[in-house]
Amino acid sequence: MPTLPANFQNYSEAKKAGFLKMKQLKEDGKNVVGVFCTYTPNELIMAADAISVGLCGMSDEAIPAAEKVLPKNLCPLIKASYGYAYTDTCPYFYFADMVLAETTCDGKKKMYELLGEIKHTHVMQLPPGRFGEGALESWKQEMLTLKKVLEEKFAVHITDEKLRQAIKLKNQERKAMLEFFNIGKLVPSPLSGYEISTLMDSIAFTFDIHERLDAITKRTAQLKELYECEYKGKSSTRPRILITGCPTGGVRDKVIKAIEDLGADVVGFECCSGPREKQDPVDENIEPIQALAEKYLRVNCSVMSPNPGRFEALGQMIDEYKVDGVVEVILQACHTFNVESYNVKKFVTEEKSKPYICIETDYSKSDSGQINTRLTAFLEIL
Amino acid sequence: MNYILTFKNTNLVIKAEQCLKKCNISNTVLPLPSQLKAGCGLCLKVVSCDIKYALKTLVNEKIDELALFSFDEKEQKPSFVEISDWCILLE
């Protein structure tokens, strides 16, 4: 069974550790942009000499406060994110000069309107599909508008040169992260899914991209060495699980950790905590704004209609990670992933002939027992 | 013995920090220790000899929605004791 590194920090510890770094950066005069989603063109923020920080809510503590404003039957990620902002209990939101968001799902885009009443929130109008006529042109226009917004907000000039440098650096980071994810393809895997998920969500609290690159490269090298010394050539009876669906940060303990505690290995993630956008670099050889628009329109989130790229990625990951079963995680009231799960189930069970289970849940602990029972039964059939 | 002050939101922590700084009362902003539950993820540490003056200053500035905990910094895993009647320290 893969073990966690000696210096492992859980998500909450990593998040807390970043508070003081962020405070110091603000005191040093750095500009900060709060972000939510994989669609965010971080390269533009970098080229504006600003820092981005993730604001996705991953625990249920601020949800009761959010429910004073938002409907109860809304996705927990949206409620948690808004709750932290509404109660001013997330230092990252407090220190952010502005929020950058995208019209991904209906719940989020309406929540962003309310968020805009608390802090300057710029919302990029994401086209609802990749293939519609004018989709790319409209998204490119959104990139240009964002460039202007950042330039005005921070009184900077985003040059093509700065943008190209940011693109190059982010592509290097993507490549390093992809190599880290690829460790999960090894049989048996020396890397726990709990570590993958925690690291991907918490590395965002290391604000220097060079530090991030260094940390991820070092860990990948350690894992490769560990595999050679302790895992290579050995057999494992632990089933290999692929996670797909919604972001899993808020349900990490009751789903990811539970699967691994029950005797399986979570080897890969086909979701925003996984290689979804990492395996698709920004084209460094074309005009940078065009390249960003093209890249970020290719993100395979279920908000895109249709979304064939997700099925291609899913098929590829099932094969390459030598997966025995697929667990789909749906956050309650996430309509796009929930509706798409019908076709995901068909694809996994019929085309790939692999067992599949769908867990619909929220951030509370109330269904932990029920989830454990369902996962136990699922793992027994593998 | 040192003290931790917790607040219900980040704005109050930063306001309290600046208010104490202005009065030359030494304080440190820290991530909230995992043993404590408070609204916000940050808190202030104030040393024993400054705590009365710090509390008086904050109360005068109407930053009084706070909780006070004492702890021994020398302990490896300090236990935090809530002083719910901290107002008596103002007398």
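Let me start with one residue, Tyr321(A), which lies in the loop between α13 (308-320) and β7 (325-331) of chain A. Helices here are DSSP runs of H or I with at least four residues, strands are runs of E with at least two, and both are numbered from the N terminus.

Before going further, the ground rules. This is a predicted model, in which local features need pLDDT of at least 70 and side-chain atom pairs count only at pLDDT 80 or more, while totals for chains, interfaces and linings use all residues. Residues are numbered from 1 along each chain as its sequence is written, chains are lettered from A and ligands numbered from 1 in the order in which they are written, and side-chain values use heavy atoms, with hydrogens and water left out.

Back to Tyr321(A). Is Tyr321(A) buried or exposed? Tyr321(A) is buried, at a relative accessible area of 3%. Buried means under 20% relative accessible area, exposed means over 50%, and partly exposed is in between, using a 1.4 Å probe and protein chains only. Leaving aside neighbours within four places in sequence, Tyr321(A) is in contact with residues including Phe181(A), Asn182(A), Arg240(A) and Pro275(A). Contact means heavy atoms within 4.5 Å. Tyr321(A) and Ser189(A) are 132 residues apart in sequence, and their C-alpha atoms are 9.5 Å apart in space.

A second residue in chain A is Ser81(A), in helix α4 (residues 76-87). Ser81(A) is also buried, with a relative accessible area of 4%. Not counting residues up to four places away in sequence, Ser81(A) touches Phe36(A), Leu55(A), Cys56(A), Gly57(A) and Met111(A).

Next, salt bridges. Side chains of opposite charge can pair when their charged atoms come close. The rule used is a side-chain nitrogen of Lys or Arg within 4 Å of a carboxyl oxygen of Asp or Glu. Over all chains, that rule gives 32 salt bridges.

One of them joins Asp97(A) and Lys26(A), with the closest N and O atoms 2.8 Å apart. This pair links distant parts of the chain, 71 residues apart: Asp97(A) is in the loop between α5 (91-95) and β3 (98-102) of chain A, and Lys26(A) is in helix α1 of chain A. Asp97(A) is partly exposed, at 24% relative accessible area, and Lys26(A) is partly exposed at 21%.

Another pair is Asp261(A) with Lys257(A), at 3.1 Å from N to O. Both lie in helix α11 (residues 252-261) of chain A, four residues apart, about one turn of the helix. Lys257(A) counts as partly exposed, at 32% relative accessibility. There is also a network: Glu43(A), Arg174(A), Glu277(A), Lys278(A) and Lys295(A) are joined by salt bridges that share partners.

Now to the interface. How many salt bridges cross between chain B and chain A? The rule finds one. The partners are Glu17(B) and Lys23(A), with their closest N and O atoms 2.8 Å apart. Glu17(B) is buried at 5% relative accessibility, and Lys23(A) is buried at 8%.

The contact takes 16 residues from chain B and twelve from chain A. The two chains bury about 1,000 Å² between them, 63% of it on carbon and sulfur atoms. Buried area is the accessible area, with a 1.4 Å probe, that two parts lose on being put together, summed over both. Thr10(B), Pro31(B) and Leu42(B) supply 37% of the area that chain B buries against chain A, more than any other three residues.

Last, strand β1 (residues 2-7) of chain B, where six of six residues are buried. In a regular strand the side chains alternate between the two faces of the sheet. Here both faces are covered, with Asn2(B), Ile4(B) and Thr6(B) on one side and Tyr3(B), Leu5(B) and Phe7(B) on the other.

Which strands join β1(B)? Five bridges join β1(B) to the antiparallel strand β3 (residues 42-47) of chain B, and six join β1(B) to β4 (residues 66-71) of chain B, also antiparallel. Two strands pair if DSSP finds at least two bridges between them. Thr6(B) stands opposite Cys43(B) in β3(B), and Leu5(B) has Leu68(B) as its bridge partner in β4(B).
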